[in-house]
Amino acid sequence: MTKYKLALLDGDGIGPEIMAEAVKVLDLIAERNAVEFELSHGAFGANAYFDHGHSFPESTKKLCDESDAILKGPIGLNHEESKKIPVDMQPERGALLPLRRRYNTFANFRPVFLPKGLAHFSPLKPEIIGEGIDLIIIRELVGGLYFGDKETGINEAGLRYVKESLEYDEEQIRRIARVAFDTAMRRKKVLHNIHKSNVLKSSVLWNEVLEEVGQDYPEVEIIPILVDAAATYLCLNPGQFDVMVMENMFGDILSDQGGGILGSLGLMPSACIGPDKAYYEPSHGSAPDIAGQNIANPYSMIGSVAMMLEMSFDMATEAKNVWHAMQSVFARGYSTPDLSKPGSGVTMIDTSGFGDLVVEELRQQPIS
Ligand code: NAD
């Protein structure tokens, strides 16, 4: 029996609700494979700050250090509530970025996927969606503006000012470029390089290094595209994209747009991979507007489990089964409230209802 230790960081808002559905799936995967998941919950985010005085407490760091992988729910509060926490302890600055830094999780995989049969969930017209949406955003996750030096103060004119720096060295760019080219080799061998080299010098270096790395991948076609244009084309013609690679902040923004073209951020799982440790999380936030109502879509959290099975535990078949089970629930005519309006010909289900149906579907699928 193979045993894996998992740190579960439920997070804030809808985090605990969608984590509960992920656990149902993990329990079934363990039941039908020779695998045991030892699950331990750790405090992380705004609630951790209120309960323990730190949004990434030492006890959670220890738990994560000792785990084989980390499954993280979304964190954060709404704009007003956030002000109750000191700026440097607010969940992203106090917990999320330190988590990424601690495990150097530089490679963020964000699939944007909607099969043709579920195109009715997307706000895009059927003629734009065509055969469905199937692309992956590869986002650099531990560099750039989010991790650069920060300075605030009063300048010589007596005005409050802020300065944040955007830094990359060539090795940081090279390693994410390799991840992107390797991903392109496993898919359609086309790589869209998203940049802003008409304005940012960081993008000039980014492009140079990407082209150098590309020499090791002669089969991959590199298509450079400015980030602003990419935002437009994601809406007008998403089918042109297969693998998209970009720096940290561009990836943060464009991947939310990815959720938008699918119909909901609730369809956006992700994997954050470092040299020695990986963590998995929905791409979205804690959705304070719907927290506590059992209406959040747990697809993003269960999809993150599927990515963990494949990328951390070499269980690609079960990962495929989980994806298939989730798609099948929707294909049977069910929908969570984020994706459809009542009366639109679908059967509405809540968070726990979706999790239960995924488990039911999964039970019917062969393990290999
Ligand atoms: P959000 O992603 O939480 O929500 C945006 C919209 O998407 C909301 O209408 C929400 O209801 C909806 N939504 C998101 N996930 C959903 C799901 N699974 N099912 C159904 N609907 C879903 O963004 P926000 O409201 O701007 O941010 C809320 C908090 O989350 C903030 O504190 C922010 O800083 C934080 N945040 C955290 C992460 C993270 O943990 N990695 C990422 C983004 C934002």
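**Aromatic pairs and the ligand site**

Tyrosine 299 is buried, with a relative accessible area of 3%; here buried means under 20% relative accessible area, exposed over 50% and partly exposed in between, with a 1.4 Å probe and protein chains only. The structure is a predicted model, in which local features need pLDDT of at least 70 and side-chain atom pairs count only at pLDDT 80 or more, while totals for chains, interfaces and linings use all residues. Residues are numbered from 1 along each chain as its sequence is written, and side-chain values use heavy atoms, with hydrogens and water left out.

Across the whole structure, a search finds 11 aromatic pairs. Rings of Phe, Tyr and Trp (its six-membered ring) pair if their centres lie within 6.5 Å; planes under 30 degrees apart count as stacked, over 60 as edge-to-face and the rest as tilted. Phenylalanine 44 and phenylalanine 56 have ring centres 5.1 Å apart and planes at 85°, so this pair is edge-to-face. The pair links distant parts of the chain, 12 residues apart: phenylalanine 44 is in the loop between strand S2 (35–41) and helix H2 (46–52), and phenylalanine 56 is in the loop between H2 and helix H3 (58–65). Helices (H or I, at least four residues) and strands (E, at least two) are DSSP runs, numbered from the N terminus. Both phenylalanine 44 and phenylalanine 56 are buried.

Tyrosine 299 returns in a tilted pair with tryptophan 323, at 6.2 Å centre to centre and 50° between the planes. Tyrosine 299 belongs to helix H11 (residues 299–311) and tryptophan 323 to helix H12 (residues 316–331), 24 residues apart. With 21% relative accessibility, tryptophan 323 counts as partly exposed. Ring pairs also join Tyr299 and Trp323 with Phe121, Phe330 and Phe354 in a cluster.

The ligand comes next. Around the ligand are 22 residues, the closest being Leu77, Glu92, Gly285, Ala287 and Asp289; a residue is near a molecule if one of its heavy atoms lies within 4 Å of it. Polar contacts are pairs of N or O atoms within 3.5 Å. A polar side-chain atom of glutamate 281 is 3.2 Å from a nitrogen atom of the ligand. The protein covers 71% of the 810 Å² of accessible area that the ligand has on its own, by the Shrake-Rupley method with a 1.4 Å probe.

Conventions: A polar contact is a pair of N or O atoms within 3.5 Å; within protein, one must be able to donate a hydrogen and the other to accept it, and residues adjacent in sequence count only if both atoms are side-chain atoms.
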